[in-house]
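Here is a short tour of the structure shown below, written for someone who likes to keep the model open while reading.

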Amino acid sequence: MSADLDRSPLRTLATLIFGSRWLQVPLYLGLIIAQGVYVFLFMKELIHLLAHATDFGEQQIMLIVLGLIDVVMISNLLVMVIVGGYETFVSRLRLQDHPDQPEWLDHVNASVLKIKLAMAIIGISSIHLLKTFIEAGNLGMEGAKLTEAGVMWQTIIHVTFILSAIGIAYVDHLSHAHARPKPAEH
């Protein structure tokens, strides 16, 4: 009887659905290529900084360095999505006892990944907002890249990211609180 169950159309459908997770592999490979583009962008900006280090003022250097930090943070976000997403949704990486295994990978799941991603997005947004605040001194001047409305909207979007991350963490906390067994009453 169990042999009939293994060959049933429902079992075939279940196998197909479970196997569909492998369709994500090209997406992760695409993100690896995107990370290569960010490495190229980083090197290009670093060479630009080095070539003009004596020509640029402190503010220009600070903006370029913040841009480099931004690229690194986006690259870190890509690593979290690629490694954590693959491990969580496709297949185990089997990195136990590997000397370079990231510590966070031991306890990664969809919930942890969402919170880490939210925090990374807030960090990236913070860098962008800091760059905006540095450039805000040019508001109202000819050739200014920013407007007061633009600064306001970037701030509102950043606060929205923060509130969203708090909401995600709170919902995660609630779901874990309900999942834990309650202590027995005596």
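In this predicted model, the largest nonpolar core has nine residues: Ile-74, Leu-77, Met-80, Trp-104, Leu-105, Val-108, Leu-113, Ala-120 and Ile-124. Helices α4 (58-90) and α5 (110-135) each give at least two residues to this core. As background, nonpolar side chains in soluble globular proteins tend to be buried together.

Setting aside neighbours within four places in sequence, Ile-74 touches Tyr-38 and Ile-124. Ile-124 is itself listed in the nine-residue core.

Now for helix α3, which covers residues 25-51 and contains Val-39. His-48 belongs to helix α3 too. Beyond its neighbours within four places in sequence, His-48 makes contact with Phe-56 and Ile-64.

| Pair | Separation in sequence | C-alpha to C-alpha distance |
|---|---|---|
| Val-39 and His-173 | 134 residues | 36 Å |
| His-48 and Ala-169 | 121 residues | 40 Å |

Stepping back, what does the whole protein look like? There are six helices and zero strands, and the order from the N terminus is α-α-α-α-α-α. The radius of gyration is 23 Å, well over the 16 Å that the globule rule gives for 186 residues, so the protein is more spread out than a compact globule. Its C-alpha trace spans about 80 × 50 × 35 Å along the principal axes.

How much of the protein is buried? Buried residues account for 25% of the 186 residues. If you count contacts between residues at least 6 apart in sequence, 66% of them join residues at least 24 apart.

Finally, the surface and the charges. The accessible surface is about 13300 Å², and carbon and sulfur atoms hold 67% of it. The protein carries 12 positive and 16 negative side chains, with 11 Å between the centres of the two sets.

Key:
Residues numbered from 1 in each chain as written. Predicted model: local features only at pLDDT ≥ 70, side-chain atom pairs only at ≥ 80, totals over all residues. Heavy atoms only, no water. Helix = DSSP H or I, 4+ residues; strand = E, 2+ residues; numbered from the N terminus. Rg over C-alpha atoms; globule rule 2.2 N^0.38 Å. Buried < 20%, exposed > 50% of the residue type's maximum accessible area, 1.4 Å probe, protein only. Contact = heavy atoms within 4.5 Å. Areas by Shrake-Rupley, 256 points an atom, 1.4 Å probe, with all protein chains shown as cover. Lys, Arg positive; Asp, Glu negative; His and termini not counted. Charge placed at Lys NZ, Arg CZ, Asp CG, Glu CD. Core = buried A, V, L, I, M, F, W, Y, C linked by side-chain atoms within 4.5 Å.
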